Amino acid sequence: MAAVIGEMSWFCCGNTWGPCGTVGHGACGTCNSGSLQHAWPNASDACLAITRPDACGVGLSRRTCGFRHYTTNLCTGSRIGTTIADCGPQTDLFCGETACCGSSCGSNRIIDLTPAAYSAIASLSSGLRPCSVDVV
Amino acid sequence: MSATMDRRRLLSTAVLGGAGIVGATALGSLAPEAAFAADPVPVEPGAPDPNFAEGRISKISGSMLLVTGSDAVLHSIRVTDGTSIWKLTPTTFDRIAIGDGMYARGLRLPDGTLAADSIWVNIVSLHAHVAAVGRNVLHLDHNGRRIVGHVVPGTTAAVYNGTPAVSDVSLLRVGRHVQVIGAWHPDTNEIDVATVYAAA
C-alpha cells in the first residue's frame with residue numbers, strides 16, 4: 001500500500017473520564033486511550049458500511065484488528081506506529097474536508113488516533129492535522 | 001524526532017535542577033543521569049505508552065499532581081516551568097483543580113514519576129451531531145447522550161470544512177456532524193467549546 005494522504009484526529013476509548021466514559025473498548029475490544037492504537041475506516045465489512053470512505057473517493061485497504069500502521073504528522077514530520085483497535089473515523093461525514101499546514105495538506109478523515117498516539121506527534125488541542133499513513 | 005529529543009533533554013534538565021524549577025529538588029538520589037544517558041526505548045505499536053498518563057486529579061501537592069487513572073493505576077505527574085498546560089486555552093498551573101480530568105505526556109523517570117512536557121486538562125474530542133443551537137450554546141448528540149457545549153466569546157473558534165478558523169458559529173446547522181475540541185466541566189458534565197470542526 002502506498003502512503004495515503006488525508007486527515008487525522010483523535011478519540012478516546014476504554015475506561016476513561018468525562019463524556020468519553022461511555023465509549024467502551026472499541027470494535028476490537030482492545031482500545032485504550034493510553035495505548036498506541038488507532039481506528040481505521042475499513043476494519044471490516046460492517047465498519048466500511050458505516051464509514052464509507054469510498055463516498056469521498058478514498059480507497060482504503062481492508063486492515064483488521066491489530067494491524068500496524070505508521071502515521072506521519074505532515075505539519076512536523078513526527079511519526080508514530082499504532083495498531084488497529086476500533087472502526088472509524090466516519091469519513092463520509094466530512095467528505096472533502098481539508099486540513100493544511102502551509103502547503104502541506106490532507107483531505108478526508110482517514111485515521112483516528114488514541115490520545116496517547118496523537119499526543120506523541122501533535123498537540124491534543126490541535127484536534128485535526130494533515131497526515132500520511134503507511135504500513136512501514 | 002530530533003525536535004522531540006531536544007525537548008526531552010530540555011525537560012530533563014529542567015526537572016533535574018534548573019534554578020527556579022518547581023519541585024526540582026525532590027528527585028533526591030534517583031540517579032537521573034542514568035535515566036537520560038540513553039535514548040528512550042521505542043514503544044511497541046499497540047502497547048500502553050509509559051510516557052503518557054490519563055485520569056482524574058485526586059491531589060495536588062506542590063508541583064506534583066497525583067492522578068487516579070481510569071484503569072485505577074495511580075500516576076505521579078511532576079510539573080515544571082517547562083510544562084505546557086492547556087485548559088480550554090494555554091494556561092498556568094494554578095488553574096488546575098482536584099477532580100479535573102487530564103492527559104499528560106512527558107518522560108517517565110526511574111521512580112515512576114512522569115515529568116510532564118504537556119498537560120491537557122479536561123480536554124475532550126467529541127464526534128457529535130448538532131441537536132440544537134442557542135445563544136452561545138450548542139446542544140450536541142454524542143453517542144446517544146445530550147451534551148451542552150458552551151460557546152465562549154473570544155475563545156471558541158469554528159472551522160468550516162477546512163477554511164480558516166473564525167469566531168462566528170452561526171453557520172452551524174442542526175443535524176450536521178461536528179468534531180468538538182473542548183474543556184469538560186467535571187461538576188456539570190457540560191463543556192466549553194475551544195474549536196468546532198464542521199463538515200460542509
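The conversation below takes up the strands, the contacts and one cysteine in turn.

Modeller: This is a predicted model, in which local features need pLDDT of at least 70 and side-chain atom pairs count only at pLDDT 80 or more, while totals for chains, interfaces and linings use all residues. Residues are numbered from 1 along each chain as its sequence is written, and chains are lettered from A and ligands numbered from 1 in the order in which they are written.

Colleague: Why is Cys12(A) called buried?

Modeller: A residue is buried if 20 or more other C-beta atoms, placed from the backbone, lie within 10 Å of its own, exposed if 12 or fewer, and partly exposed in between. Cys12(A) has 27 C-beta neighbours inside 10 Å, and therefore counts as buried.

Colleague: Where does Cys12(A) lie, and which residues does Cys12(A) touch?

Modeller: Cys12(A) lies in the loop between strand E1 (4–10) and strand E2 (37–40) of chain A; strands (E, at least two residues) and helices (H or I, at least four) are DSSP runs numbered from the N terminus. Two residues are in contact if their C-beta atoms, placed from the backbone, lie within 7 Å. Leaving aside residues up to four places away in sequence, Cys12(A) touches Cys20(A), Val23(A), Ser33(A) and Pro115(A). From Cys12(A) to Cys56(A) there are 44 residues in sequence and 25 Å in space, C-alpha to C-alpha.

Colleague: What makes E3 and E8 of chain A a pair?

Modeller: Two strands pair if DSSP finds at least two bridges between them. Strand E3 (residues 68–73) and strand E8 (residues 128–134) of chain A are joined by four bridges and run antiparallel, so they meet the definition. Thr71(A) has Val133(A) in E8(A) as its bridge partner. Both strands belong to a barrel of six strands in chain A, closed in the order E1-E7-E2-E4-E3-E8 with mixed pairing.

Colleague: In chain B, how do you know that E4 pairs with E7 and with E5?

Modeller: The same test applies. Three bridges join strand E4 (residues 84–87) to strand E7 (residues 114–121) of chain B, in parallel, and three bridges link E4(B) to strand E5 (residues 89–91) of chain B in the antiparallel sense. Ile85(B) stands opposite Ile119(B) in E7(B) and opposite Thr91(B) in E5(B). In the hairpin of E4(B) and E5(B), one residue separates the strands, and Leu88(B) takes a positive phi near 75°.

Colleague: Which strands does E1 of chain B pair with?

Modeller: Strand E1 (residues 52–61) of chain B pairs with E6(B) over five bridges, antiparallel, and Phe52(B) stands opposite Arg105(B) there. Five bridges also join E1(B) to strand E2 (residues 64–68) of chain B, again antiparallel, with Ile57(B) opposite Val67(B). The hairpin of E1(B) and E2(B) has two residues between the strands, and Gly62(B) in the turn has a positive phi of about 60°.

Colleague: How many residues of each chain take part in the contact between chain A and chain B, and what classes are found on the side of chain B?

Modeller: The contact takes 40 residues from chain B and 38 residues from chain A. E8(B) gives the most to the side of chain B, with five residues. That side has 19 nonpolar, 15 polar and six charged residues, where Ala, Val, Leu, Ile, Met, Phe, Trp, Tyr, Cys and Pro count as nonpolar, Asp, Glu, Lys and Arg as charged, and the others, Gly among them, as polar.
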